[in-house]
Amino acid sequence: MMHSIVPPYLLQKIADADDTRMARASASARRALLARDSIQDARLLSTEKPPASRRESDSGEPGARQSAVGTSPGGGSRHSSEAAPAPTLDRTVYTARNTEQLPGSKVRSEGEAPSSDVTVDEAYDGLGATYRLYDEAFGRNSIDGRGLPLLATVHYGQDYDNAYWDGERMVFGDGDGEVFGRFTASVSVIGHELSHGVTQFTAALDYQGQSGALNESYSDVMGALVEQYQRQQTAGEASWLIGEGLFTPAVQGTALRSMIAPGTAYDDDVLGRDPQPADMANYVETTDDNGGVHLNSGIPNRAFALAAIEIGGFAWESAGQVWYDTITGTLAPDADFVAFADATIAAATARFGADSAKTKAVRAGWVKVGVLEDGAAS
Amino acid sequence: MEQPAERSGPVVAVTVVRSGGFAGLKRTWEATAEDQSSAKDWLGFADSLPWGRVPSQDATSADRFVYRIVIVVRSEVRHEATLPESELTGGWRELVDRVQQQADAPGGSEPHCQA
């Protein structure tokens, strides 16, 4: 007869916690596995969307690659594309009605009045907040730079403990109610997911190892900036938390990640401690999670937050602009941390000057986390 | 040729490690077969799966889960595979579902933490 066992260290941890919170969480995890075929079917049925993976430079279409490097140092934060169509915000939110069928039923389209469903409206508003950051701060017209409609599906699965980008849309679970609440609750999550779309259309960073961690980190950076822009917070005022409020009150933690202090977002009897490293000395070598893309992203996350705080003011006008310039520049898909760091310094130099305080702060951030050696940057 | 079950340790141990997802939380489920009958039943199903012929990465998605499945028979690895969530269909899904059901059964375990 089959029976289950748990590794001893987990048994001890759970025994010590004397916690029964995970009953629904386990069932929701099983249901999280049932999503695949419906997504593939939805992609095949979609005939009006662009290919799922395409760099702007490959298509030759107007986008953001022309945007930053070489523009006036210290210039304003807006720099629109001459050939791009006028910015157009076009949001559609669907509900999967707690099934795993995508896209689900349309529940709110652009311009329609708020629904009676807070999750639908959070997704709708979050799409708008993300669009506004990219448009108003960086002059980018939607995630592809060409006004691509923004799509989201909420109420995906039953107790589904995740939110993801499937190459065409954002998908949000409601959480199991014991560990996670709904994933639309933090606008940083929505900004994070849509920014995966931006990366898909620009640098197309490979979702593996260091390039994958950079892909994740860029999404965290922009997720944080969407929240800061919405709140009009300076870098010094910002929480630098990703996914604040997603955990239920039963979990001992404030957020899923801390950009300024990786490894401190939660410390829970059952979940354990936030495993993100804060510097290269603690880089995690693993084959799980596509090579630890959600772990080692803590290192470039901290480099960004340190630079932004050192510079001061609104982060989207300084470090955020540099990161955006970098992701829309000539970065290779397999770029590692050092290549990305060098690219940010080049972008900061082009925009603000080599001897500017902003460029020095960007360089110092990478030195602080151990990606660059002091004085070794280009 | 079946061998008599050893008195200590399981005949078959199946481990499922789920990593990734937006939160990046790692979670592990494990089930074991202690006798020859259930071990034969388990391996009959597991051996039919296309080990070594499944993509290990999802080229278009981000923040989805990654599943690593390891089957150990008498302390030796018999099968091992890493699958993106998008590939966890058909028999793979059934395999993982079966392990999770065993782990979640009364008397089973409910690990939910990082390694």
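Colleague: What makes the length of helix H12 (residues 357–368) of chain A close to the expected one?

Modeller: This is a predicted model, in which local features need pLDDT of at least 70, side-chain atom pairs count only at pLDDT 80 or more, and totals for chains, interfaces and linings use all residues. Residues are numbered from 1 along each chain as its sequence is written, and chains are lettered from A and ligands numbered from 1 in the order in which they are written. The expected span of a helix is 1.5 Å times one less than its number of residues. H12(A) has 12 residues and reaches 16 Å from first to last C-alpha, close to the 16 Å expected. Helices (H or I, at least four residues) and strands (E, at least two) are DSSP runs, numbered from the N terminus.

Colleague: Which residues of H12(A) are called buried?

Modeller: A residue is buried if 20 or more other C-beta atoms lie within 10 Å of its own, exposed if 12 or fewer, and partly exposed in between, with C-beta atoms placed from the backbone. A:Lys358, A:Thr359, A:Ala361, A:Val362, A:Arg363, A:Gly365 and A:Trp366 are buried in H12(A). Their cover includes helix H9 (298–311), helix H10 (319–327) and helix H11 (337–352) of chain A. Just after H12(A), A:Gly370 has a positive phi of about 85°.

Colleague: In what sense does E6(A) run relative to strand E4 (residues 150–156) of chain A?

Modeller: E4(A) and E6(A) run parallel and are joined by 3 bridges; A:Val171 is the bridge partner of A:Thr153.

Colleague: Why do strand E3 (105–109) and E5 of chain A stand at the edges?

Modeller: The 5 strands form an open sheet of mixed pairing, in the order E3-E2-E4-E6-E5 (chain A). E3 and E5 of chain A each have a single partner strand, so one side of each is left without a neighbour in the sheet.

Terms used
Contact = placed C-beta atoms within 7 Å. Pairing = 2+ DSSP bridges.
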